[in-house]
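Colleague: Hi! Could you walk me through this structure? I'd like to talk about charged pairs to begin with.

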Amino acid sequence: MANNSYSGVKNSTANHHGDFGCSLKDLRSLMELRGAEAIGKIGESYGDVQGLCTRLKTSPVDGLSGQPADIDKRKEVFGQNLIPPKKPKTFLQLVWEALQDVTLIILEVAAIVSLGLSFYRPPDAEREHCGSAAGGVEDDGEAEAGWIEGAAILLSVVCVVLVTAFNDWSKEKQFRGLQSRIEQEQKFAVVRGGQVIQIPVAEIVVGDVAQIKYGDLLPSDGILIQGNDLKIDESSLTGESDHVKKTLERDPMLLSGTHVMEGSGKMLVTAVGENSQTGIIFALLGASEEDDDDEEEKEAKKKEKKEKKEKKKQDGAAENRKKAKAADGAAMEMQPLNSDEVDIDEKRKSNLKEKKEKSVLQGKLTKLAVQIGKAGLVMSAITVIILVVLFVVDTFWVQGLPWHKDCTPIYIQFFVKFFIIGVTVLVVAVPEGLPLAVTISLAYSVKKMMKDNNLVRHLDACETMGNATAICSDKTGTLTMNRMTVVQAYVADKHYRNVPEPQLIPASIMDILVLGISVNSAYTTNIMSPEKEGGLPRQVGNKTECALLGFANDLKRDYQAIRNEIPEEKLYKVYTFNSCRKSMSTVLKNADGSFRMFSKGASEILLKKCSKLLTASGETKVFRPRDREDMVKKVIEPMASEGLRTICLAYRDFPVSEGEPDWDQENDILTSLTCVCVVGIEDPVRPEVPDAIKKCQRAGITVRMVTGDNINTARAIATKCGILLPGDEFLCMEGKEFNRRIRNEKGEIEQERIDKIWPKLRVLARSSPTDKHTLVKGIIDSTVLEQRQVVAVTGDGTNDGPALKKADVGFAMGIAGTDVAKEASDIILTDDNFSSIVKAVMWGRNVYDSISKFLQFQLTVNVVAVIVAFTGACITQDSPLKAVQMLWVNLIMDTFASLALATEPPTESLLLRKPYGRNKPLISRTMMKNILGHGVYQLIIIFTLLFVGEQIFDIDSGRYAPLHSPPSEHYTIIFNTFVLLQLFNEINARKIHGERNVFDGIFNNLIFCSIVFGTFIIQIVIVQWGGKPFSCVGLSIDQWLWCTFLGFSSLLWGQLISSIPTKSLRFLKSAGHGTQRQEIPDEELEDMEEMEEIDHAERELRRGQILWFRGLNRIQTQMDVVSAFQSGSSFQERQLRRQPSTSSQQQHDIRVVNAFRSSLSPYEGLEKPESRSSIHNFMTHPEFRIEDSEPSIPLIDDTDAEDDAPTKRNSASPRNVTPTPPSPSLSPTPSPNQNNNAVESGNNHLYVEGNKAAGTPSAPGSPLHSLETSL
């Protein structure tokens, strides 16, 4: 195989054949055909696929020779399997983007105006006429230095811009590094020189024979040479969602970027890189992207491009459609490939996806930043207005001067100076460091998570993981080691507790067994010699099949010899394993024309299809259902209870006399099998898993196991892992039972039925991928707990894609995972290990805490700087902190602090608390206490220095200085103390939960130490040698010591603050909440529909309303019943006093429920008698009891399936009213109402019959619940 890869793509001229029998152009035009057309073209031009192989100088069996010279030649003629990535933004482009910041633009303009005016000098004689504020300039030299302030502002703007641009640039570089790492790991199996080898996708060339199997994402275009039951999902190219069956006779064309959903096969590679179908589309996209300069679209594309690069060629087409949405021009190019409806549908989906993109943290931060920004804007406007008013009043009123024409520039200079002060207040107030802190924190975490085997594909997944409340994990490979071995077997009527000796098994049975194991498994699965001497043999391919091949080796038989005798091409028909079949079968044609089919699969499924059993004598005997039950009890259950996975091996003969069966009728084929043996396969639990699960449980995260294995095996493994603890009343159920319980009579899934199950469910066995998706969706959409659950899911199979996408964070397996799963995921576990997920949780929580630390620090600075500038300006007509100084403070607190605080490494203690949840405020009350406490302390110090500082230090006062006066010691001390207070407060900000020891672990973070130290050094330089531009004067050692002492005192003050218990400070409010569903008034709902991700319930709003209007019309006719209720008002009043929030609702409930009663009679007979007590019916229907004009408020009884509903009902008082049947007009709609917090949050304290808990919310979806919500 060639090791030398070219960088860049050689785009060869199409007609230069090299020595090959067909040109690049021929192949490109061939790949544009489909189905019969393509077969016709191949037949006409090349004879058949074999002929094409000959022209391309390759062998369908042995592949290419793999000679470097040959490979290079092919790359030169047909191109390389790479699509050149989009060029990254240059540093200058990033600088230009950073300059777009509005506050910076305002500052630049102000600085330029100030610069221009500073060069204008009115005649000296006139100077006196311009008022006292303008006079008093010491000498010409000082006056000439007026330009320095403007220049300094411009310089500091340049600094800020460069720092921002550099951050963006390094972020981009990191991301590209990440992608190239993903890309290098992307390997594909090809046959070269008769050997199957794994090569990087970029090394695939035209003429290669690639092995494709279930779950692959095709890396290039090709033509099928041989296929077993191959089905491809081509929706990424054609928009057709149906899987396309690929056969040599009907449609052998395979396209890059499409997914193998079933089966396996070999393909001849005919087009790579830019010449493949995906490459062609990318070229079109690239052309239209050029014209498109919209910021966000660029961002989207950048991300897409990188993802494309990550998946290289492969992923191509899947992304195109997303990208086609990003670039409108591209959407036009894509149109012919997509049907219109698909496109519209996709657009809607992509919109929803974008809504989902905004993570919880970003949502909270954006909201907070906007609020702070508004406050800052108001403050800065007021500052400017007050300064201008004071100046005008002082000059023209108090001094009574006329407006002189010559003085105009001087006055304008004053106004510009005021304006600059206002803008600097704004600059300091607006926390533009927030996004930076988030980015740095996430980027840093992502980089470090790579070392912890988490490859993060979407940045925000890292932060979402910190909020995770539930993890739905696979069993095989994640909780277990995925190194399978057969440890028990039932063969020839005997259950062997260990692998039997070969001589114990009759020869006839042995031959059938070994032949079946050898041919009825993917030929890509192999057992290789160990890498190290004395190590375990390496297992390549499907691990269950590896266990069986290992079993054949243990029986001292060589499976490879059998495979050489019967190569893959000779297999007559293969039914590959998929999640519906749960079995795999291979048919061989015997010399006499008869057929023999070998099958293997999950024991309880395959045994049902067996009608005979091989006995010790080698004869077959009838295998009746009774025998099967015996076998399940005596063999399968004991194996499963030890945590073994049981696999049944069977075969069937089709005699010549019956003729060839119809192979497409699977159900007829896969019956009357003869059972050969049942094996128990052990997959040991990973040693580190039980500990990791314990950590999760301590951290408030529920771990659920979702597996395809049988329930006993699953239960045994779950107990070993610690998911199930002895004595706990948790549910383990099978997929079938789960489905039965969550569906209503019509077979529709009902949310409230899922809500009954998921809180207690811990193990879901024999589950299909749809069950997994249903469970994840059910948990996410559930409103049982007041916090919305944040669910992480692990998956490896192609069919796990939907669940991975639906989950808040999808983890794909790096080793066992298919490409499809990886593409749907947010994080790839490079070691397939559950304990890496726990590390991801730790990092996620750390991101959250880092942001909070930064916020605590930043807001303290903001509050102090804004108040100082504002009051200082109002009282002394000049801000104590100058514009350039403010920008330096801004740089410290934004860029440096975000670097220092966002790079704190995580500690184990993060796992000792519960998840924050989506509505937890960013700024807790403890943090608010710290912010206000430190803010007040700093203000006291600064104001003391401002107003009496000159007396304390015995220096000249800096207050009321004229326009271009030199800097004063007084104001330098204020500036210096202010900065040092911030520096020491940065150390305080390291702890946000009220810990005492703020130095704990400070030396683990070198970045923090170096930044604090570096800032201190720069501060010394600025003060001592900054001079006029920084408005500073060198200070003496004494003054420095005082400043440092005052700064250091904030650490002592911090200790004092942490001694005050937060609980005693009732007035403190938390800030930075996520938007809670309950808070949103109806009128805002419409606007929100556009803005934010909306819960599925609201999407049903329209449909629900129509049904409601029908229902309410009927109710109106019964309104007379309401009057009967007036007498019950005394009770209502009591109830209302008790609970004002839900009062109006309850009134409605009571009236409407009663109005309903009279309208029920026509429907009484509708209820099926069995539905009341059937196990499906978790929610028995509401029972009402009227007691002498004191109506008790009916609530749906929360009786479980176990309670026998009818008997319960009979025991109620004799005045029972008929329960409400679900009336046809009231199809249960998910609650559409956002305001109805009583129902949503489940705190609606109505009286419940008997001793039921008083907080049970009524079941969403039941007629009564809909009544409550809708009204």
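Modeller: Happy to. A salt bridge here is a side-chain nitrogen of Lys or Arg within 4 Å of a carboxyl oxygen of Asp or Glu. Arg913 and Asp849 form such a pair, with 3.6 Å between the closest N and O atoms. Please keep in mind that this is a predicted model.

Colleague: Which parts of the chain does the pair of Arg913 and Asp849 tie together?

Modeller: Arg913 sits in the loop between helix 33 (883-902) and helix 34, while Asp849 belongs to helix 32 (residues 834-876), so the bridge joins parts that are 64 residues apart in sequence.

Colleague: And are Arg913 and Asp849 buried or exposed?

Modeller: Both Arg913 and Asp849 are buried.

Colleague: How many salt bridges are there in the whole structure?

Modeller: The search finds 31 salt bridges. One of them joins the side chains of Asp474 and Lys772, at 2.7 Å from N to O. Asp474 is in the loop between strand 9 (470-473) and strand 10 (485-491), and Lys772 is in helix 29 (residues 769-781), so this pair ties together parts that lie 298 residues apart in sequence.

Colleague: What makes Asp474 and Lys772 count as buried?

Modeller: The cut-off for buried is under 20% relative accessible area. Asp474 counts as buried because its relative accessibility is 8%, and Lys772 counts as buried because its value is 3%.

Colleague: How accessible are Glu737 and Arg741?

Modeller: Glu737 has 24% relative accessibility and counts as partly exposed, whereas Arg741, at 19%, counts as buried.

Colleague: Which residues are linked in a network of salt bridges?

Modeller: Asp229, Arg581 and Glu666 are linked in a network of that kind.

Colleague: How do the lining residues divide into nonpolar, polar and charged?

Modeller: The lining of the second largest cavity has one nonpolar, eight polar and three charged residues.

Colleague: Since helix 37 came up, how does its length compare with what it should span?

Modeller: It agrees: at 1.5 Å a residue, the 23 residues of helix 37 should span 33 Å, and the end C-alpha atoms are 34 Å apart.

Colleague: Now backbone angles. Which residues have a positive phi although they are not glycine?

Modeller: Lys57 is one of them, with a phi of about 55 degrees. Lys57 lies in the loop between helix 3 (49-55) and helix 4 (68-78), and counts as partly exposed at 46% relative accessibility. Arg766 is another, with a phi of about 45 degrees. Arg766 is in the loop between strand 23 (761-765) and helix 29, and at 15% relative accessibility counts as buried.

Colleague: Last one: where does Asp808 lie, and what does it touch?

Modeller: Asp808 lies in the loop between helix 30 (801-806) and strand 25 (809-813). At 11% relative accessibility, Asp808 counts as buried. Leaving out residues up to four places away in sequence, Asp808 touches Thr464, Ile780, Arg788, Gln789, Val790, Val791, Asp826 and Arg918. The C-alpha atoms of Asp808 and Gln789 are separated by 9.3 Å, with the two residues 19 apart along the chain.

Technical notes:
Residues are numbered from 1 along each chain as its sequence is written. This is a predicted model: local features need pLDDT of at least 70, side-chain atom pairs count only at pLDDT 80 or more; totals for chains, interfaces and linings use all residues. Side-chain values use heavy atoms; hydrogens and water are left out. Ala, Val, Leu, Ile, Met, Phe, Trp, Tyr, Cys and Pro count as nonpolar, Asp, Glu, Lys and Arg as charged, and the others, Gly among them, as polar. Helices (H or I, at least four residues) and strands (E, at least two) are DSSP runs, numbered from the N terminus. Buried means under 20% relative accessible area, exposed over 50%, partly exposed in between (1.4 Å probe, protein chains only). The expected span of a helix is 1.5 Å times one less than its number of residues. Contact means heavy atoms within 4.5 Å.
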